[in-house]
Amino acid sequence: MQDATMLRRGLLAWVSRVGGVLVLLCCSLSLLYAMTCRPLHSDDPQRSHALPHASPNQLGGTRPAVGAVVAGTGRVGAAQSGGSPAVQSYQALLQEREEQYRLHISSLKKQIAQLKEALQERSQQIRGVQDSLKRAAGSPEEGHGLPGGGLVDAQGAKSQQTDLQDFLKSQLSKAEVTTGARFPSEYSAVPFESFTLQWVYQLEMGLSREPKEKAVRKDKRNELGEVLETALHSLNAPLAQQNGKSSKVYVPSDFIEGITRIEKDKGTLYELTFRGDYSHEFRRLVLFRPFGPLMKVKNERVDTGHVVVNIVVPLYRRTDKFKRFMHHFREVCIRQDGRVHLTVVYFGKEQMNEVRSILENTVREANFKNYTLLQLDEEFSRGRGLNVGAQAWKGGNVLLFFCDVDVYFTADFLTSCRLNAQSGKKVFYPVLFSQYNPKLIYGSPEHIPPVEQQLVMKQHTGFWRDFGFGMTCQYRSDFINIGGFDVNIKGWGGEDVHLYRKYLHSDLLVVRAPSRGLFHLWHEKQCADELPPDQYRMCMQSKALNEASHGQLGMLLFKHEMDTHLRKEKQARLKKT
């Protein structure tokens, strides 16, 4: 009995010890499990969500933590092979995000290296310019190794600078900037390009370029940007404003238009026009780049408030076109501009009453009295009509604009006419944009929009009429002194080229540039059989060029082949069905 009691007590003690050991072991395992698995739980929101939303700007400070988390995740994955899909997805997300940040760091490092290289290059350029200025000023830092060396080097640098200035001035004097150069023919003259803040208007189109394009090439953008910046700096300089008695601060939006051309053996000329303090006042800057730094040639104020434009129009029949011209004249010249005179020279007696009636209607409806109607009872000659119209003006020296009834112009063009022609100094020969046959452009007559909506400068809608010299702005005194048109030329063509050549042989500056406000409206051209062979050939060439673009003419030429091909394709589809 005693032995049984002792055995029971010993068994209870052993059980209690084993139970304590088991409890202690369970606690230890629980603690170990909690410490090991804590990063895999979302108990700590800062650690579980900070990394996926980290920005590239925080990358430098968070990169070591990212590595530690990824390494820790790898160890847990090894210890718990076959873990849950959430753990594996989180690990893949961390690795993907780390790769993105690593690539972003590499890109930033490359950009920083490029910027450092550009900064070093610019610093070297500035340092070189500063050294040149020091040498030119006779800096004592140069040539101190030998007695008198600094003086010799300074004199040499000064001599070199003087030679450079002389060379730049000689390039400017040889360039066609202030006076015209004499050319043997119209093909020798270098035309201008015109440009605005958004567009460059170029005559050289080829078969792929548009008549107006944005400055796509970087060097062209930088060139025009530097010119505009230099012009604005010159206009806003305190001395310029003080001399001009103007407090206006010029900004890029004040820039209206510029023209530029390159003389390959002299340099590049720029002429920029800005709005002035008043509606009829402008500021014009002339800059020249003689294959070196920009040189300011002229900064002047131009007031066009009192400049009247006498528009001279020769006419023979075509009263329907003249009616459309007068409708446009009333809108642009009378309502918008208001500083024009119209001279109409009519040949013959037929339809003369209709022309007079159209003019009288304009006088009555628009209260316009500044016009002159002349009648010549003789064979039509454009040169003869323009001569008579120019000589009929008795109000002193006036700005003439020789025009045709098929020409559409804007009020901005009249401003360009006043700015680019100067009595005794320069004449303006704008290159107008000639419209193609609207029936070929728009497909059929019912789809042709109004005239104002057709004036779109695209490759398929028209071209720069660089072979025509009939539309021109010049002062009456220059026209009379040069001898006017050749009245021996009868009918169509030839007289305008002859007058243009006269100006090229003179000392006047000829401004030949594309105009964004001058359009030649399409009309069917008739070449008379009575014309001499050379004039008839010119007329037929002009007729072909006016019809359609190169691509459109090609489509018309091969239209039969295209129709045959489409018909065969249609028959083949029908057989298959």
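Contact here means heavy atoms within 4.5 Å. The notes below use that cut-off throughout.

1. Basis. This is a predicted model, in which local features need pLDDT of at least 70, side-chain atom pairs count only at pLDDT 80 or more, and totals for chains, interfaces and linings use all residues. Residues are numbered from 1 along each chain as its sequence is written, and side-chain values use heavy atoms, with hydrogens and water left out.

2. Overall make-up. The protein has 18 helices and 16 strands. These are DSSP runs numbered from the N terminus: helices are H or I with at least four residues, strands are E with at least two. Of the 577 residues, 39% count as buried. Buried means under 20% relative accessible area, exposed over 50%, and partly exposed in between (1.4 Å probe, protein chains only). Among contacts with a separation of 6 or more, 71% come from residues 24 or more positions apart.

3. Helix α8 against helix α11. Helix α8 (residues 319–337) packs on helix α11 (residues 411–420) at an angle of about 70°, and the axes are 9 Å apart. That makes α8 roughly perpendicular to α11. Angles of 65 to 115 degrees carry that label; under 35 is roughly parallel, over 145 roughly antiparallel, the rest oblique. Axes are lines fitted to C-alpha atoms, for helices over the stretch in contact, and angles run from 0 to 180 degrees between N-to-C directions.

4. Residues of that contact. V332, C333, Q336 and D337 of α8 meet A411, L414 and R418 of α11. The contact residues comprise four nonpolar, one polar and two charged. Ala, Val, Leu, Ile, Met, Phe, Trp, Tyr, Cys and Pro count as nonpolar; Asp, Glu, Lys and Arg as charged; the others, Gly among them, as polar.

5. Helix α10. Eight of the ten residues of α10 (residues 382–391) are buried, so this helix is largely enclosed by the rest of the structure. The buried ones are R382, G383, G385, L386, N387, V388, G389 and A390. Their cover includes strands β8 (309–315), β9 (340–347), β10 (371–376) and β11 (399–402), along with helices α14 (476–482) and α15 (495–504).

6. Aromatic pairs. The whole structure holds 22 aromatic pairs. Rings of Phe, Tyr and Trp (its six-membered ring) pair if their centres lie within 6.5 Å; planes under 30 degrees apart are stacked, over 60 edge-to-face, the rest tilted. F255 and F274 make a tilted pair, at 5.4 Å centre to centre and 55° between the planes. F255 is in strand β4 (residues 255–263) and F274 in strand β5 (residues 267–275), so the pair ties together parts 19 residues apart in sequence. Both F255 and F274 are buried. Y436 and F463 are stacked, at 5.5 Å and 25°. Y436 sits in the loop between β13 (426–435) and α12 (438–442), F463 in strand β14 (residues 462–464), 27 residues apart. Ring pairs also link F195, Y250, F255 and F274 into a cluster.

7. Charges over rings. K214 lies over the face of W199, at 5.6 Å from the ring centre. K248 does likewise over Y250, at 5.4 Å. The criterion is NZ of Lys or CZ of Arg within 6 Å of the ring centre and within 35 degrees of the ring normal.

8. Backbone points to check. Q351, in the loop between β9 and α9 (352–366), has a positive phi near 65°. Q351 is partly exposed, with a relative accessible area of 25%. N367, in the loop between α9 and β10, has a positive phi near 55°. N367 is exposed, at 63%.
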